[in-house]
Amino acid sequence: MSEKILSSEKVKITDHLLKALENSDQAQLQSLIQSFSEEDIAEILEATPPSQRNALWDKLPPEVQGQVLAHLNDEVKNSLLERLDQEEIIEVAGDLETDELTDLIQSLEGDEKQKVLDALDQTERAAVEQALRYPEDTAGGLMNTDVIAIREDVTVGVVLRYLRKLGELPENIHELYVVDRKGHFIGALPITYLLTQDEDTRIAKLVDKSQPSIKAYTSAQEVAHLFEKYDLIAAPVIDENDKLIGRITVDDVVDVIRDEAEHSQMASAGLDEDEDLFASPIKSAKSRSFWLGVNLITAILASMVIGLFDGTIQQVVALAVLMPIIASMGGIAGTQTATIVIRAIATGKLTPNNSRLLLYKELAVGFLNGLIWAVLTGIAVAWLYQDISLAGIFAAAMIINLVAAALAGTLIPLVLERMKIDPALASGLLLTTVTDTLGYFVFLGLASWLLIHH
């Protein structure tokens, strides 16, 4: 595989690649494939219709297929794995790192999974089986077991001779981990620091015991937070007995951060971030229909509220023009609050101890914004319709709905989190229901009470 290429060049080369595939130009096809990294090929496969995707996949050498699989989303990865028999899967898995191999095996079904495990050598199989003990979205599921552990009671010279005997170090390794005789993690020792020390210096005098370690069952989101907080490049992973079992590198964490960003973006629209861009219309429609149905129910509720005041609207036509403004302002304000709360939950900054303070703060923000826009829009309504009462009702409804939006935007994510429901997935829909329904009810209710019945 080649060096990484610029995005501006990638579009042009991708176009040439697909044309070579269409024209069955094998020489140009292989040449172009060599110009892409595995990550680039994965992006091309995800952005290509199934017929072209499958044809391009078949042109990739097995060792490249394995690396490409490691960078594909789950739905596309599974569709390509279905095209391989067990022997081909074993061949594809041959050159993968432990963490990539673990991800691949987790995508397989029972018999295929066992046969791939059986094909591994004893050391590699033990490492993969250990990683498979932990859920995919934990530190244990992310880790790579290719670590170099040294004891604190040996000298620098002993360690250097051991490293030379190994011949080749694991990829992206820049520090050694120091353990005791039972394998318990003690600290870290940068390789660059090791090389500058006298050979008779004992490791115990050099080890950095401040190096943070990560428990195997720590969530992937918390792992990403720790890397961000401490500016880590790599971190050791320990089991429940504090024994060193692997390491996580920053490239794994970047993948977690990217996946979380994609999840939040897609979940806000009720979509799955792993959905194949070119999945069949029936499959895509099925996956999206649930949230469309839920949205329909919430829209009906809002319509029913409007229906309660149809007589009022008929008498004061201006209400029909103004009421969407109230609902829209509430929706935006609630979304702003919910976004802040969901982000605070995801980064671990929101706790039971400070959630009440955040609620008070957001209520104050909602009231202040409501007051500002109530004054401005109230003046505009009074000028347009020459009706002070209508302007006052509009202003009051604006304040009430923005305060209610702040309340809902704070409480809905917190309640969903406590119920073990992803706040990013359901908060937006529930929030829209509250702000629309309440906005219509407050505005039309006040208008009915003050303008019609008085």
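**A walk through the predicted model**

Start with helix 19, which covers residues 355–385 and holds 31 residues. At 1.5 Å a residue, helix 19 should span 45 Å, and its end C-alpha atoms lie 42 Å apart, which agrees. Keep in mind that this is a predicted model.

Stay with helix 19 for a moment. Which of its residues are buried? They are Ser355, Leu358, Leu359, Glu362, Gly366, Gly370, Ala374, Thr377, Gly378, Val381 and Ala382. The cover over these buried residues includes helix 18, residues 318–346. It also includes helix 20, residues 388–418. Just after helix 19 comes glutamine 386, which takes a positive phi of about 50°.

Now turn to another pair of helices. Helix 8 runs over residues 98–106, and helix 10 over residues 122–132. Their axes come within 9 Å and cross at roughly 65°. The crossing of helix 8 and helix 10 is right-handed. On the side of helix 8, the contact is made by Thr98, Leu101, Thr102, Ile105 and Gln106. Helix 10 answers with Glu124, Ala127, Val128, Ala131 and Leu132. What kinds of residues make up this contact of helix 8 with helix 10? The residues divide into 6 nonpolar, 3 polar and 1 charged.

An open sheet is formed by 3 strands in the order 1-2-3, with mixed pairing. Why is one side of strand 1 and of strand 3 left without a neighbour in the sheet? Strand 1 (149–151) and strand 3 (185–190) stand at the edges, and each has a single partner strand, so one side of each stays without a neighbour there. Neighbouring strands of this sheet are turned by 40° against each other on average, direction ignored.

Look at one pairing in detail. Strand 1 pairs with strand 2 (residues 175–179) in the parallel sense, over 3 bridges. Alanine 149 has its bridge partner in strand 2: tyrosine 177.

Finish with strand 5 and strand 6. Alanine 234 has threonine 249, in strand 6, as its bridge partner. The hairpin of strand 5 and strand 6 has 5 residues between the strands. In this hairpin, aspartate 242 takes a positive phi near 65°. Is strand 6, residues 244–249, mostly covered or mostly open? Strand 6 is mostly covered, with 6 of its 6 residues buried.

Methods:
Residues are numbered from 1 along each chain as its sequence is written. This is a predicted model: local features need pLDDT of at least 70, side-chain atom pairs count only at pLDDT 80 or more; totals for chains, interfaces and linings use all residues. Side-chain values use heavy atoms; hydrogens and water are left out. Axes are lines fitted to C-alpha atoms, for helices over the stretch in contact, and angles run from 0 to 180 degrees between N-to-C directions. Helices (H or I, at least four residues) and strands (E, at least two) are DSSP runs, numbered from the N terminus. A crossing is left-handed if the near helix is turned anticlockwise from the far one by less than a right angle, and right-handed if clockwise. Contact means heavy atoms within 4.5 Å. Ala, Val, Leu, Ile, Met, Phe, Trp, Tyr, Cys and Pro count as nonpolar, Asp, Glu, Lys and Arg as charged, and the others, Gly among them, as polar. The expected span of a helix is 1.5 Å times one less than its number of residues. Buried means under 20% relative accessible area, exposed over 50%, partly exposed in between (1.4 Å probe, protein chains only). Two strands pair if DSSP finds at least two bridges between them.
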